[in-house]
Amino acid sequence: MKKASFFLALGMAMAIFSCSKDPIVTDPTRPDTEEPSKPTDPTGPTEPSKPQPDGDAGIDINKPETVADFNNPTEFLKSLNKFKLATYAKVVTGQGKDGGNALQINGTPQANGYVFTTENQTVAANAKSITFYIKGTADKSLSFNVYTNAGYEVFNLRTDEQIASKTDITLSSDLILKKTNKKQESDSNIGVNDYVGVKINANNWIKITLDISDVDYNKSKTGSVFGFKVGSKAAYNLLVSSIVFDDAKPTTPVDPVDPDPVDPGTGQSGDFKNIPADQKAYYANIDFKKTGMELKVALAKLIQKKNDISYTANKHAIAITDRSPDGKLYMIYGEKGTTSGNHTYTSNSGWNREHVFAQSQGNPVLGRSKGPGVDAHHLRPSIIKHNSDRGNLHFIEGSGKARKLGGGWYPGDEWRGDVARMMMYMYLVYNQQCDANLIAISSPVSTDKGMVELFLKWNAEDPVADLEIQRNDFHGNPKNANSQGNRNPFIDNPYLATQIWGGPVAENRWK
């Protein structure tokens, strides 16, 4: 009798185990395109896939036109279900679209899941849309659940057609979303969230509109109302304005596709009468009468001819290339005259090597063994704490000292031109792996989506420094021990960027 009971129990346990984790994945090459039938919250607990009839924790704040009110943090948090707010999200003061508050999403979630879900709320009776604004960057998509009495409709940043054709997009402008027609196999009342195939690069606020005109959303005042979701293992640096219902029906949705390039007018061929002798020899085979993409390709082929030096050899090179007159090393992001703390200007201790093009932002990531991960032209000494504070944040417009700013990193007035020229160099040498739009919060240049307007601006505003010349001359001489053997052309002459991409007219150092 005991044996029979034992085997019966064992069989039941095996059956439960074999069925408890059976995600529905229709695209094996994109495992997080589809969502398991029980979506998980990245903070740990499993969040129910259907609205709970009695609610779990949400308190009705009785604001029918509001979905999520970040200007009233206490009320916002009260409106959430028992899973509350994800650990990588918080309400920040004064950073919203109109000077109000915003929700900041800043981190790398380890699972596809919820930033928050509102529940038990009095909602607008006749809303046709849900609207909000976002600003910043993300390496994966966003997805939104609008709950019904039976399940939920899903709104993804890509259309169903784009998902089916595996079309990748970069979101940088206003977007109107329709609900997906894709439903989970286990329940036709539940939509399928999509997290891949999208990068967000919004230097300015962009409006997101969910067309709910054909959605019978939950008006019962009990159960889930709205869920805001993110993808797994990708960096998010976003600000989200307050989310509201709107009675106006949106216009026809526009697919999120890159616009056709419009030529902004590249710079004219430069007046290059005074190229220094050593540089003239290096650029001997470049036709500087070329402009635009022709000149870009020619320069890229030249500077791609280099030696990969090891990460250790880079440190030996830095001891020479970054030496200041006081015998110490210049600290990138430091401030002239500062002798202690994060903004120390020169130092011989407390520093490590900063990958100015953050390793994790490369596509694929850079590493430290070869190629971009050990390229001396963007490895710079930095105070350890400053390096840690910057992390992998994207560069963003600002002024004053180097610091975190609006979900990004401002390198400081003195370093912004240096950063721009390093990033332009990295793009030419490593192409799509080091696209400038992977490392900056800025609009792309219309003729070349791999370059951004911010770097052209910084290149023009901040002239070449003696330190840049010192480093470039060392690595441009292949006879030097631990030299890389190639040059950064934008340090030799910043006007080359103008000649390739147009934009603000930069200094012509060869005139």
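Tutor: T118 touches V67, S79, L80, G223, S224, V225 and F226, leaving out residues up to four places away in sequence; contact here means heavy atoms within 4.5 Å. This is a predicted model, so local features need pLDDT of at least 70 and side-chain atom pairs pLDDT 80 or more, while totals for chains, interfaces and linings use all residues. Numbering runs from 1 along each chain as its sequence is written, and side-chain values use heavy atoms, without hydrogens or water.

T118 sits in strand β4, residues 113-119. Strands are DSSP runs of E with at least two residues, helices are runs of H or I with at least four, and both are numbered from the N terminus. T118 is buried, at 0% relative accessible area. Buried means under 20%, exposed over 50% and partly exposed in between, using a 1.4 Å probe and protein chains only.

Next, the rings. Phe, Tyr and Trp rings pair if their centres lie within 6.5 Å, with the six-membered ring used for Trp. Planes under 30 degrees apart count as stacked, over 60 as edge-to-face and the rest as tilted. Ring pairs link F70, F76, F116, F132, F144, F226 and F228 into a cluster. The rule gives a count of 26 aromatic pairs. One is F116 with F226, tilted, with 6.3 Å between centres and 45° between planes. The pair joins distant parts of the chain: F116 lies in β4 and F226 in β13 (residues 224-230), 110 residues apart. F116 is buried at 0% relative accessibility. F226 is buried too, at 1%.

F395 and F455 form an edge-to-face pair, 6.4 Å centre to centre, with planes at 65°. This pair also links distant parts: F395 is in the loop between α7 (384-390) and β20 (403-405), F455 is in helix α9, and 60 residues separate them. Both F395 and F455 are buried.

Now the nonpolar cores. A core is a set of buried Ala, Val, Leu, Ile, Met, Phe, Trp, Tyr and Cys residues joined through side-chain atoms within 4.5 Å. The largest has 56 residues, and F288, L299, F395, M423, M451, F455 and W501 touch the most other members. At least two residues come from each of α5 (292-303), β21 (408-410), α8 (416-430), β23 (448-452), α9 (453-461) and α12 (495-501). α8 gives the largest share, 11 residues. Beyond its neighbours within four places in sequence, L299 contacts Y283, I286, F288, L428, P489, L496 and I500. A second, separate core holds 48 residues, among them A89, L103, F132 and I206.

Last, the helix pair. The axes of α5 and α8 are 8 Å apart and meet at an angle of about 85°. Axes are lines fitted to C-alpha atoms, for helices over the stretch in contact, and angles run from 0 to 180 degrees between N-to-C directions. α5 and α8 are therefore roughly perpendicular: that label covers 65 to 115 degrees, with under 35 roughly parallel, over 145 roughly antiparallel and the rest oblique. K296, L299, A300 and I303 of α5 meet Y425, Y427, L428 and V429 of α8. Seven of these contact residues are nonpolar, none is polar and one is charged. Ala, Val, Leu, Ile, Met, Phe, Trp, Tyr, Cys and Pro count as nonpolar, Asp, Glu, Lys and Arg as charged, and the others, including Gly, as polar.
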